[in-house]
Amino acid sequence: MSGVDCAWLRMDEPTNLMIINGIMMFDAPLDPHRLTGMVRQRLARIPRFRDRAVQRGRIRWGWRRDENFDVDRHLVEEELPEPGGDRELEELVSGHMNEALPFDRPLWRIHLIHGYGGGSALLWRLHHCIGDGIALMVLLLALADLEPDADLRTDGGGLWGNDNPLSELFGEEPLEPEEAYEHLEELLPQGARLLTKPAEVLGSVHPWMLRLAAVPAFLKLALRPRDTRTPLRGPLSRGKRVAWSRGIPLETIQIARQRLGGTVNDVLLTAFSGGARRYLRDEGFDVEDLNFRAVVPVSLRPVEEMAELGNEFGLVFLSLPVGIRDPGERLHELRRRMGKLKRSVEPWVVLKLLGIIGCLPRFLQDLVVRIFGSKGTAVVTTVPGPTRQLYMAGQPIRDFVFWVPQSGRLGMGVSTMSYAGEVRLGVATDVDLVSEPARIVAGFEEELEEMIAGS
C-alpha cells in the first residue's frame, strides 16, 4: 500500500470515517440477482476490490488477496420505511455514514434499498484507501451501461462485455494517453479536460522546478493561520446528517454563467458560499466580511493510469468570500482567488506530504492531520459526470449524488455532480455542528435562483 493510501486508511476516526458514500436512484425496482451478477462480472474483476487491507508491522499497511472473497458478502438488501420518500432515504443514508466497514474483507459495500418510491436506490460505500473520489466515481460510472440490456449480452464489446467506453480505462493493459483521453471524453465531454488539466500542467514542469517551488509553498501552507471560527467548525460527534438538492438543469446554470461570467464550477461555488452565508446569518452569526476556507481536492492522476486506483490528488485551501452579499461580486472575487491557486504547486506539495506522513508512526500522522485540518472548514469537491442517461442492472439511473469524507476532523463535506444534464449538490455534516444540512442546500438553491434572475 502506498504511503498516500496508508495515510487515508489511518485517518479513520469514530467521528469521521474516510468512506466515500454515493446514492443512485431508480424509478423502477432493481432485480437483486441481476445486480449481483453485474457486480460479480465487473466490479469483482478489479483486483483492488478483491484485496483486504492488512497491517504489516507497527506502521505500514498492505494489500492481501481475500481468500474468502464472495460478492454476496458485500451486498446488503434493505427495505426503506414507509412512506419511502426522500426524507426516509436521507435518514437511512445518514445512519450508515458512521458505520465502519469490516476489515475481514475488502473495504467496500453496496446497499440495495427497496421501497424507494416505486423503485430502488443503491448506496455505494467505498473506503478512500482504495482510491480517490475522482477515480472511484469514474469507476462507478464505468460499471453502468449505455443501453438497458447491455449487461445481458454475451457478445458485447468492451472490457466487461458492456457498451461503456469508460470500462476500457480499467483494463489490465494500460492505454496510451491519447486513447485513454478519448474514452473519457466520449462519456464525460465536459469533464475530461477539467480532470486531466492539473496533471498535464504539473507534467510539463521540470522536476527540479517543482522541488524548488515546493519549499515556499510548504512554508506558506504550514504557516497559514487557523481558519475563522464559525458554527460550522468545532468538536465532532458520532452522528452525521446528509441532504441533497433537487436536480438543477445545466441550462439554468449556464444562464447565470452568461450573466455573471466564469465557469459552471464558479457559479456552483458562489451559490454554495451564498447558501452558507444565509445559514450562518439565520443562526445569528455575523457574516459581514466573513471568509472561511474550503479544502478542494485537485486530481493529479494521468488519465491513462486510472486503472491503478489509489490516491493521486492534492488539496488547495480556497478562501470563500462568504461575507460578500452580492452574488456577482462574490463570483468575481472567488474567481480571482481561484486564479491564484491554479498557478500554485500546493496540490503537488500536499500529495507528497500525504505520502510522507503515511510512512510515519500513527501519532505523528495524527498530529500533522490535526494541524492542517485546523486550516479549513469544509471539504468541497466537484465531479463533472456523464451527459447522457446510464443504466444499472437494466434500469435507468434517475439521479446520482455522493458525499465526500471530511478529513482532518472537519465537520462538513460538500459535493456537486452533474449527470444527464442536471447538477445536484450533496451536503454531509456533523449533527452537533449542523443538525439540518437541508437548510444550507435550500440556501444554495435560493442563491442560484437569485443569480439567474439577476435580482
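How much space lies in the largest cavity of this structure? About 230 Å³. A cavity here is a set of points on a 1 Å grid over the protein atoms alone where a 1.4 Å probe fits but cannot get out. Its volume is the space filled by probe spheres set on the points, which are joined across faces, edges and corners.

Before going on, the basis. This is a predicted model, where local features need pLDDT of at least 70 and side-chain atom pairs count only at pLDDT 80 or more, while totals for chains, interfaces and linings use all residues. Residues are numbered from 1 along each chain as its sequence is written, and side-chain values use heavy atoms, with hydrogens and water left out.

Now the chain as a whole. A compact globule of 455 residues would have a radius of gyration near 23 Å, and the chain agrees, because it has 21 Å. That radius is taken over C-alpha atoms, and the globule rule is 2.2 Å times the number of residues to the power 0.38. The C-alpha trace spans about 60 × 50 × 45 Å along its principal axes.

Back to the largest cavity. Two or more lining residues come from each of β10 (313-320), α11 (346-357) and α12 (362-373). These labels are DSSP runs numbered from the N terminus: helices are H or I with at least four residues, strands E with at least two.

The second largest cavity holds about 100 Å³. Among its 14 lining residues, Met11, Glu13, Val369, Gly408 and Arg409 lie nearest its centre.

Methods: On a 1 Å grid over the protein atoms alone, a cavity is a set of points where a 1.4 Å probe fits but cannot get out, and a pocket is an open set with protein on both sides within 12 Å along at least five of seven lines; lining residues have an atom within 4 Å of a point.
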